[in-house]
2 protein chains.
Amino acid sequence: MAGCVSPPWKALLLKALETNSHLKHSSFFQLATIGPNGRPSNRTVVFRGFEEGSDKIHINTDTRSNKVEEIKHVPFAEICWYFTDSWEQFRINGEIDYIDFSNKDLAKLQQREKAWFASSPKSRLQYLGPSPGLPVICQETVKETHLEPYAGPVAAFCLLVLDPDQVDYLNLKSNERMAFTFTLSEDGSKIWKFETINP
Amino acid sequence: MAGCVSPPWKALLLKALETNSHLKHSSFFQLATIGPNGRPSNRTVVFRGFEEGSDKIHINTDTRSNKVEEIKHVPFAEICWYFTDSWEQFRINGEIDYIDFSNKDLAKLQQREKAWFASSPKSRLQYLGPSPGLPVICQETVKETHLEPYAGPVAAFCLLVLDPDQVDYLNLKSNERMAFTFTLSEDGSKIWKFETINP
């Protein structure tokens, strides 16, 4: 069985989330991916929590958004998460997976369903709206949308799962910086180590 | 002579900067680049202003930081700038240039010198510190550093200049989103146009 020792950067991150929890935007971070033209792409997304018993990070998105296409092409991303009150920055790099309605893995589909029900009824409605990023055709065509509270995830709902393999932590108050990396143990669990580096 | 019509997104950005100016972090944004391993890279940097009479964005950095190496390799970046009070996001994509001490262009070197003197004496001192990102060797070796107020830029000081060619604006309060792109006029000036797109 793979061990489940919590990585040391996760404790720092949970502490930062607590310290900054009075700020709505403390759960927002910037997710960088690579566009089809080979250029970087960067946008603000919302942290939806860690996968149960793991350090994988969940993000909800619309299957029709550019980032899903980008991730299919290059499945790597870097989160930059800056906490504006405690002046801490986490740069979290890793492989990123997308779980949409067409996924064949039952356990992943269940994760997607769980993420759907964990999001507010209001935020679920946005997945019934027009395709993000496409030109607004006509304001008049916006239809009244309604979703039953117990209705499962709609086709446009997609769960992104980032599996961290490198974390760079910077504290601008104490001027400390740490680089976290891991090695795999014999049982397949991640053994995280860190090094103090120059800020 | 190239025209100098200010792009419409710049007016929105200047307004957002004003609206959010009571927040120290309103001048911070996330800059995504591409790492040597082909993965995205993302970090918080400080907005140092627009180039005079232009829409080019200035960022100061250390020549020894990873991002300079990355930009030499792939000279494109995307800024993601989220304003936490007005709930506005600007995604600014463009080519990015670095101006270090070895630059042969006198006008660029003058820009670098201007950026150096525009930064605070305290922030100048950081360029005399140890290489960012390298392991901390020994706390004891940290030397007292001093810089004369009129001393010009040190070798490690580098000016980054991002030349925007695509801007995506999102207002989460009004739920409006706009895509800005440009075409070049006959005299070589940028003619910006925009389209309202689905958020």
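Colleague: Is B:Cys80 buried or exposed?
Modeller: B:Cys80 is buried, at 0% relative accessible area; buried means under 20%, exposed over 50% and partly exposed in between, with a 1.4 Å probe and protein chains only. This is a predicted model, where local features need pLDDT of at least 70 and side-chain atom pairs count only at pLDDT 80 or more, while totals for chains, interfaces and linings use all residues. Residues are numbered from 1 along each chain as written, chains are lettered from A in the order written, and side-chain values use heavy atoms, without hydrogens and water.

Colleague: How many disulfides are there over all chains?
Modeller: Zero, searching the whole structure, with a disulfide being two cysteine sulfur atoms within 2.5 Å. The closest cysteine sulfur to that of B:Cys80 is in A:Cys80, 9.7 Å away, so it is too far for a bond.

Colleague: And what about B:Cys158?
Modeller: B:Cys158 is also buried, at 0%. Its sulfur lies 19 Å from the closest cysteine sulfur, in A:Cys80, which is too far for a bond.

Colleague: Different topic. How many residues of chain A are in contact with chain B?
Modeller: 42, meeting 42 residues of chain B, where contact is heavy atoms within 4.5 Å.

Colleague: Which residues of chain A lose the most area to chain B?
Modeller: A:Arg39, A:Pro40 and A:Asn198, together 20% of what that side buries. Buried area is the accessible area (1.4 Å probe) lost on putting two parts together, summed over both.

Colleague: How many salt bridges across the interface?
Modeller: Two, taking a Lys or Arg side-chain nitrogen within 4 Å of an Asp or Glu carboxyl oxygen. One of them joins A:Arg39 and B:Asp165, at 3.2 Å from N to O.
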